Amino acid sequence: MTKILQLANVSKSFTMHLQGGIRLPVVNGATFHVHPGECVVLAGPSGTGKSSLLKMIFGSYRCDKGQILLRHDSQVTDIASAGPRGVLALRRKSVGYVSQFLRAVPRVPTIDIVAGPLEADGIMPAVACAKAGEMLSRLNLPDRLWQLPPATFSGGEQQRVNIARGLLPERPLLLLDEPTASLDAVNRAIVVDLIQQKKKQGAGIVAIVHDDDVRAAIADTLVDVTAFSKAA
Ligand SMILES: Nc1ncnc2c1ncn2[C@@H]1O[C@H](COP(=O)(O)OP(=O)(O)OP(=O)(O)O)[C@@H](O)[C@H]1O
């Protein structure tokens, strides 16, 4: 089967300019791949570079070395060397990202936050809103909250808005950074179902998951990031 994502020898250090230019090596030689329908879980203790790897795949962090090859629509793009416009184009078409915390524009109602990416995909606003409502209902977010901006929502409510927004658009690669960290058992199980459904539909997934049960339910492959956390 053709891989959707291939990382080859990806390395990154942070340079702390305000701390006398101290160099902090974080990832060295990360190499792994993801097939369509496969969920790769990044494992390893805190501080080994799991989130940094996800951010490099999403193009938020530059890597110092290596390749991050993404295949979509029979084209292969190296995210590691793509410019800002290239990264934005990949995000619009190919890569979805669910971060642990919701970062939303102030005063925008929840329903519009969730429907926004669908509208950007060209779906009619009324249809996008209906789909957003279905997803929010599935995630047990009461409809009395849909017209409110999520700034004052609880941690678990905000995380469900984030998940709805990240999982609703169809993207062949999904990046999930602790998507169930603030959820109760019922909602955790719903998110596990949604992730399994995405896998069945053929999405490749790279996830960071600390919960053992969630990891067991979704992971096909574990990648131990400690193997890549030694200094170059
Ligand atoms: N923007 C940044 N500037 C400087 N250092 C950073 C930056 N982002 C991450 N780091 C450092 O890189 C290291 C790895 O952080 P990262 O968040 O990738 O680890 P992690 O494995 O995801 O940890 P956790 O499981 O605790 O979330 C840490 O030492 C962190 O301080």
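How do the residues of the shell around the ligand divide into nonpolar, polar and charged? They divide into 3 nonpolar, 6 polar and 1 charged, where Ala, Val, Leu, Ile, Met, Phe, Trp, Tyr, Cys and Pro count as nonpolar, Asp, Glu, Lys and Arg as charged, and the others, Gly among them, as polar. The model is a predicted one, in which local features need pLDDT of at least 70 and side-chain atom pairs count only at pLDDT 80 or more, while totals for chains, interfaces and linings use all residues. Residue numbers start from 1 along each chain, following its sequence as written.

**Ligand shell**

- The ligand is surrounded by Phe 14, Leu 24, Val 26, Ser 46, Gly 47, Thr 48, Gly 49, Lys 50, Ser 51 and Ser 52, a residue being near a molecule or strand if its C-beta atom, placed from the backbone, lies within 6 Å of it.
- Two or more residues of this shell come from each of strand 2 (22-34) and helix 1 (50-57), and helix 1 gives the most, with 3 residues; helices (H or I, at least four residues) and strands (E, at least two) are DSSP runs numbered from the N terminus.

**Nonpolar core**

- Val 114 and Ala 164 touch the most other members among the 64 residues of the largest nonpolar core, which is by definition a set of buried Ala, Val, Leu, Ile, Met, Phe, Trp, Tyr and Cys residues joined through C-beta atoms within 7 Å.
- Not counting residues up to four places away in sequence, Val 114 touches Ala 132, Met 135, Leu 136, Val 161, Ala 164, Arg 165 and Leu 168, with contact taken as C-beta atoms, placed from the backbone, lying within 7 Å.

**Helix 5 and helix 6**

- Helix 5 (residues 155-167) and helix 6 (residues 185-200) pack at an angle of about 10°, with their axes 12 Å apart; the axes are lines fitted to C-alpha atoms, for helices over the stretch in contact, and angles run from 0 to 180 degrees between N-to-C directions.
- The two helices are therefore roughly parallel to each other, a term for angles under 35 degrees, whereas those over 145 count as roughly antiparallel, 65 to 115 as roughly perpendicular and the rest as oblique.
- Gly 156, Arg 160, Ile 163 and Leu 167 of helix 5 meet Asn 187, Val 191, Leu 194 and Lys 198 of helix 6, and this contact has 4 nonpolar, 2 polar and 2 charged residues.

- Pro 150, in the loop between helix 4 (125-138) and helix 5, counts as buried because it has 23 C-beta neighbours inside 10 Å; a residue is buried if 20 or more other C-beta atoms lie within 10 Å of its own, exposed if 12 or fewer, and partly exposed in between, with C-beta atoms placed from the backbone.
- Pro 150 and Thr 110 are 40 residues apart in sequence, yet their C-alpha atoms are 5.9 Å apart in space.
- Val 105 lies in the loop between strand 6 (95-98) and helix 3 (110-120) and, with 9 C-beta neighbours inside 10 Å, counts as exposed.

**Positive phi values**

- Most residues other than glycine have a negative phi.
- Asn 9, in strand 1 (residues 5-16), has a positive phi of about 55° and counts as partly exposed, with 14 C-beta neighbours inside 10 Å.
- Glu 178, in the loop between strand 7 (173-177) and helix 6, has a positive phi near 50° and is partly exposed, with 19 other C-beta atoms within 10 Å.

Conventions:
Two residues are in contact if their C-beta atoms, placed from the backbone, lie within 7 Å.
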